[in-house]
Amino acid sequence: VGVTIAVSLAWVIHREIAALAETIVEHKHLSATLEIRNQIIAKLLSEAAQTRSAKENIDAALLSADNVLEFVGATESMALKDNVVSTLRFDTPSERGDTVGNPPRHIVEIPFTLSVEGNIFTFLQYLKDVESLPYFSRTTGIMITSTNEGWQNTSNVSIRGILFARGNESL
């Protein structure tokens, strides 16, 4: 009888230990899974913040086609800083087939001519500054006219380009 009780008690204790070991293994697995999930969520939150920042930068770079004064002001400010004389002239805008944003707006191409007067050194600095502007634009051509005295004296430079902007809401 005593042996039977001891064996039964040992068997019950063995089952309890086995169940406890299984629970520990299961908790370790859940803990590892939770840790991996938390790392994935942290990475996704970081990438989402970067995406929002990139989206905000894109939105800021696409000016409204109705108001390009920010671009005009930036080019004039750089002309003063770089000691050149500049004039900016816009041609007739045209809509592209693309849309951007919410609500969706057409992307508008606004051709422009930027005329600059200065020597080669001031012009190169001005060109670097204009290229660093945070707007979507493309240079389509540059024409340089200098006097017989060479580039180091006053020259006239004409830059043709396209400024990309947000148009009116799409239907």
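This report walks through a few spots in the predicted model above.

## Ground rules

The model is predicted, so local features need pLDDT of at least 70 and side-chain atom pairs count only at pLDDT 80 or more, while totals for chains, interfaces and linings use all residues. Residues are numbered from 1 along each chain as its sequence is written, and side-chain values use heavy atoms, with hydrogens and water left out.

## A ring cluster

Let's start with the aromatic rings. Searching the whole structure turns up 3 aromatic pairs. Rings of Phe, Tyr and Trp (its six-membered ring) pair if their centres lie within 6.5 Å; planes under 30 degrees apart count as stacked, over 60 as edge-to-face and the rest as tilted. One of the pairs is Phe71 with Phe90, a tilted one with 6.4 Å from centre to centre and 55 degrees between the planes. This pair ties together distant parts of the chain, 19 residues apart: Phe71 sits in helix H2 (residues 69-82) and Phe90 in strand S2 (residues 85-90). Helices (H or I, at least four residues) and strands (E, at least two) are DSSP runs, numbered from the N terminus.

Buried means under 20% relative accessible area, exposed over 50%, and partly exposed in between (1.4 Å probe, protein chains only).

Phe71 has another partner: its ring centre is 5.8 Å from that of Tyr135 and the planes are at 80 degrees, so this pair is edge-to-face. Here the partners are 64 residues apart, with Tyr135 in the loop between helix H3 (120-131) and strand S5 (137-146). Tyr135 is buried too, at 11% relative accessibility. Ring pairs join Phe71, Phe90, Phe112 and Tyr135 into a cluster.

Now look at Thr113, which lies in strand S4 (residues 105-118). With a relative accessible area of 7%, Thr113 is buried. Its side chain makes a polar contact of 2.3 Å with the side chain of Arg160. A polar contact is a pair of N or O atoms within 3.5 Å; within protein, one must be able to donate a hydrogen and the other to accept it, and residues adjacent in sequence count only if both atoms are side-chain atoms.

Beyond residues up to four places away in sequence, Thr113 touches several others, including Thr87, Leu88 and Ser158; contact means heavy atoms within 4.5 Å. Ser158 belongs to strand S6 (residues 155-169). The C-alpha atoms of Ser158 and Ile142 are 5.7 Å apart, though 16 residues separate them along the chain.
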